[in-house]
Amino acid sequence: MEALLRELHEGPDGIPEYRDTEISGADLTIGSAADQRIQLLGRAVAPEHAVIRKSGSKLELSCRSGERVRVNGEPRSSSKLEIGDVIELAGHQLTIAEAPGGFDVAIELRPNENIDASEFESAFRTDLGQTWLSKRPAAWMLVAIVLIFGVVLPVSVIVMHHAQREVPAWVPGDDFWNSGPLSPAHQQAAGVRCDTCHQEPFVRVQDEACQSCHKTIHDHVSPEHLALTQLGPTQRCATCHREHNEPASFLVNSSDSMCIECHQDSTKKFAQLHVEPVTGFSAGHHPQFKARLLKPTVITAGSTFELEWKTEIADLDKAVEQSNIKFSHTQHLDPDRVLRRGDSKPLNCADCHSLEPDGEHFEPITMENRCAECHELTFDPGAPERQLPHGKPREVVLTLQDYFTRKFSDPNAGKPTRERRRLPGHDEEEQTCSGPPFECAMRSAHAEIENQFTRRGCVGCHVVVDTKSESDFDRFQVYPIRFARDYFPAGRFDHRSHQIQGKLTGDAACLSCHKAKESHDSKDLLLPAMGKCEECHGDRPKVERVAVQCVSCHSYHPQPTVAVEAPES
Amino acid sequence: MIHRNLLLFRGARYLWWSLGLLVISGVLYATQGKVQPPNGGTWQGYVLGSIGAVLILWLTFLGVRKRRYNSTMGTVQGWTSAHVYLGTALLIIATLHAGFQVGWNLHTLAYVLMIVVIASGFFGLYSYLNHPGVISKNREGGSRAELFAELFELDRESRSLAQKCAPEVGIAVASSIERTTLGGGVYAQLFSGDESFFVRGAGSPVRNTDQQAVVDFVAERLPRAQKGIEAANLQQLIVLLCRRQAVLRRIRRDIRLRGWLKIWLYFHIPVTFALLFALTLHIVSTFVYW
């Protein structure tokens with residue numbers, strides 16, 4: 001297509017001037033770019049705005065997608081063109097004129113004089129806003145992503161859970177709201193079901209949710225005691241047990257502050273419960289240790305009696321063990337007096353005291369499992385194989401009577417004699433019995449029974465009461481021996497971790513707290529006072545001090561020996 | 001120098017505000033940890049979170065304040081200075097609120113979005129402090145419009161002069177003008193991509209990066225010019241093409257610098273909206289599963 005472009009300008013004297021340009025090419029392109037056949041500047045002009053083509057004998061104008069021009073005043077995106085039609089674009093006027101010979105079309109251009117060359121910029125994309133980058137759609141897209149993962153999926157999964165429908169594990173749901181990992185046991189129990197614990201939206205986790213699994217746990221204060229105090233309702237489980245935190249060891253709140261919060265003002269808060277105030281672990285901040293002891297009370301009933309054991313809480317400096325045993329630690333630990341059987345070495349603490357698996361308590365010491373190894377219950381040097389039964393006074397009487405009956409009545413036994421006894425203040429001559437053998441036997445048995453219960457044998461370790469009864473069976477009664485299993489039931493102590501104390505090990509470690517070598521009497525309690533703990537421990541970290549917290553020694557939840565599930569009422 | 005005043009506004013007043021806020025936040029953070037590890041669920045965590053949320057809302061409000069031209073609520077310059085300092089403080093406050101605990105969850109998503117916003121803000125701050133001087137120097141005091149006007153005139157003069165030269169020179173110059181690229185897509189704007197071509201004699205178009213090829217092409221014609229007028233035209237044409245080359249370089253550099261000056265906003269603003277939404281969900285979801 002051959003085109004003649006006549007560019008009209010108003011000259012300085014008001015006379016129009018024109019400049020003709022011949023354009024050849026298939027299409028007559030119009031735009032602001034340099035490669036357009038008709039280059040028009042202006043912000044409203046696209047780099048490639050429109051094109052004029054010849055279609056048969058007619059001219060057709062079509063705009064690029066999204067662009068418009070005015071044809072005879074009408075905004076159009078395409079139009080057939082006739083001679084005389086006026087195309088307007090950004091103030092530029094293009095008039096289709098009669099084509100002179102040799103041309104297919106003639107166009108008169110009246111450029112917009114107000115547009116200067118500086119608007120050439122619009123022919124290029126020079127701003128990021130003209131690219132695919134955009135703020136608003138990007139914002140919407142990001143919001144949509146957050147919406148999907150933060151609302152749509154979690155709510156859908158919650159609804160499906162309520163409808164008891166299976167949700168594949170890979171589908172992110174309300175666990176996307178999880179603010180941190182659960183402790184492994186809770187993770188295993190709850191899985192991805194947040195509603196295991198969070199049973200009601202916008203309501204904090206209730207104790208019932210915890211107790212649906214933890215059925216055997218007990219409150220710190222029993223309901224009966226709580227009613228006597230001004231403490232109000234017990235705290236929520238989650239007050240101390242915080243989940244979704246790292247590290248998971250914080251699941252149990254071990255802070256002293258929560259204990260002290262109530263216990264510092266205990267005289268007011270605990271009212272008639274008489275709980276001593278505690279503000280830390282040092283003298284003046286923590287009550288001195290008190291031992292829980294067993295105290296026997298003799299209840300006589302005719303010629304016999306019974307012991308009633310009651311617990312007694314006593315200050316350590318006044319506490320007296322009333323176990324009814326006669327025992328001297330000093331003697332037993334003196335290598336000049338006592339040596340171990342077998343290797344003849346001095347006794348160790350552990351020869352008698354054996355730690356239980358809990359690391360805190362010791363196995364009860366009995367005659368059979370400890371003392372009998374050295375202390376035999378023989379009564380006749382001539383018959384070292386014969387021993388008296390332990391713990392059964394009546395059996396002792398019977399055994400001795402049986403023994404002497406046999407001894408006096410056995411025809412092969414030779415002349416019945418009563419061997420020499422060396423007793424303090426007595427220097428008995430050997431006596432012979434000339435009466436009937438049974439009488440002789442009973443007399444010898446009676447003498448030996450008296451001997452065992454009052455001078456040697458039983459009385460060596462036991463408290464024996466002589467009831468002066470005529471019957472040998474009723475005459476001597478032995479006080480039973482009992483020890484408290486736990487002198488500090490409210491406290492916990494790990495003997496195992498104290499077996500090495502700095503440079504002290506073995507017996508030295510034991511003896512640093514328990515002054516056994518200085519104890520001549522079983523009345524001594526041998527328990528260390530709080531000051532001993534303070535030598536190494538304090539409630540605050542210090543040099544050469546191991547910090548302890550309330551929960552290092554005390555449990556918040558009372559722990560019965562065997563956790564028993566309360567029957568459902 | 002507006003960019004300098006941004007940070008030193010009224011003796012860096014908001015720097016001190018931010019430092020004060022950080023000291024308070026640090027004390028709040030440090031008083032945690034006895035009962036439970038530092039996290040958003042302690043009372044200190046709630047306070048830190050509330051400070052952070054209020055800061056986010058206020059920081060977002062800069063976009064509103066900027067458009068309220070008749071507002072008397074402080075100057076935009078003061079707001080921007082505070083925006084920079086308090087936005088930086090937010091990064092630390094939110095980290096303390098979270099207690100350094102992160103995970104694959106909504107809460108960390110909000111935190112990450114916040115980091116993207118603040119990091120892009122840092123980039124923006126750097127650009128605003130650095131680029132305007134470079135841009136001004138590049139334009140040598142002129143405007144971009146003046147550069148384009150000059151380019152347009154050079155195009156017109158070059159084309160006109162080239163038509164008076166040998167046909168292949170005319171074609172070469174006209175094609176080099178028609179196929180000069182400037183700006184364009186994101187990459188081309190930010191990295192001064194140049195996809196210019198020109199038609200060198202007979203054959204397919206050849207690359208004309210930085211317009212050097214066409215200058216060389218015309219220059220090669222100069223020794224072979226037979227008439228004085230032809231040589232003069234070619235000489236004049238070379239001058240025009242070289243001027244055009246220089247103008248194009250300036251424009252390209254201008255587009256690049258302006259691009260880098262603005263690119264961060266395409267992250268800063270959309271992510272801010274995602275952050276606002278994620279922040280809302282973070283707060284709501286925390287109390288749904290209290």
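## Cavities

In this predicted model, the structure holds 2 cavities of 30 Å³ or more. The second largest cavity contains about 30 Å³ of space. Its lining is made up of Leu182(B), Gly183(B), Ala188(B), Gln189(B), Ser192(B), Gly193(B), Arg252(B), Ile255(B) and Arg256(B).

Which elements supply that lining? H9 and H11 of chain B each bring at least two residues to the lining of the second largest cavity, and H11(B) gives the most, with 3 residues. Sorted by class, this lining has 3 nonpolar, 4 polar and 2 charged residues.

## The interface of chains A and B

Now for the place where the chains meet: 54 residues of chain B are in contact with 52 residues of chain A. Between them an area of about 4700 Å² is buried, and carbon and sulfur atoms give 67% of this area. On the chain B side, Tyr266(B), Tyr289(B) and Trp290(B) lose the most area to chain A, together 17% of what that side buries.

## Polar links and contributing helices

There are 2 salt bridges between chain B and chain A. A salt bridge joins the side chains of Lys262(B) and Asp127(A), at 2.7 Å from N to O.

The helices of chain B that give two or more residues to the side touching chain A are H6, H7, H8, H9, H11 and H12. H12(B), spanning 265-288, gives the most, with 14 residues. By class, that side of chain B has 33 nonpolar, 14 polar and 7 charged residues.

Methods:
Residues are numbered from 1 along each chain as its sequence is written. Chains are lettered from A and ligands numbered from 1 in the order in which they are written. This is a predicted model: local features need pLDDT of at least 70, side-chain atom pairs count only at pLDDT 80 or more; totals for chains, interfaces and linings use all residues. Side-chain values use heavy atoms; hydrogens and water are left out. Contact means heavy atoms within 4.5 Å. Buried area is the accessible area (1.4 Å probe) that two parts lose on being put together, summed over both. A salt bridge is a side-chain nitrogen of Lys or Arg within 4 Å of a carboxyl oxygen of Asp or Glu. Helices (H or I, at least four residues) and strands (E, at least two) are DSSP runs, numbered from the N terminus. Ala, Val, Leu, Ile, Met, Phe, Trp, Tyr, Cys and Pro count as nonpolar, Asp, Glu, Lys and Arg as charged, and the others, Gly among them, as polar. On a 1 Å grid over the protein atoms alone, a cavity is a set of points where a 1.4 Å probe fits but cannot get out, and a pocket is an open set with protein on both sides within 12 Å along at least five of seven lines; lining residues have an atom within 4 Å of a point. Grid points are joined across faces, edges and corners, and a volume is the space filled by probe spheres set on the points.
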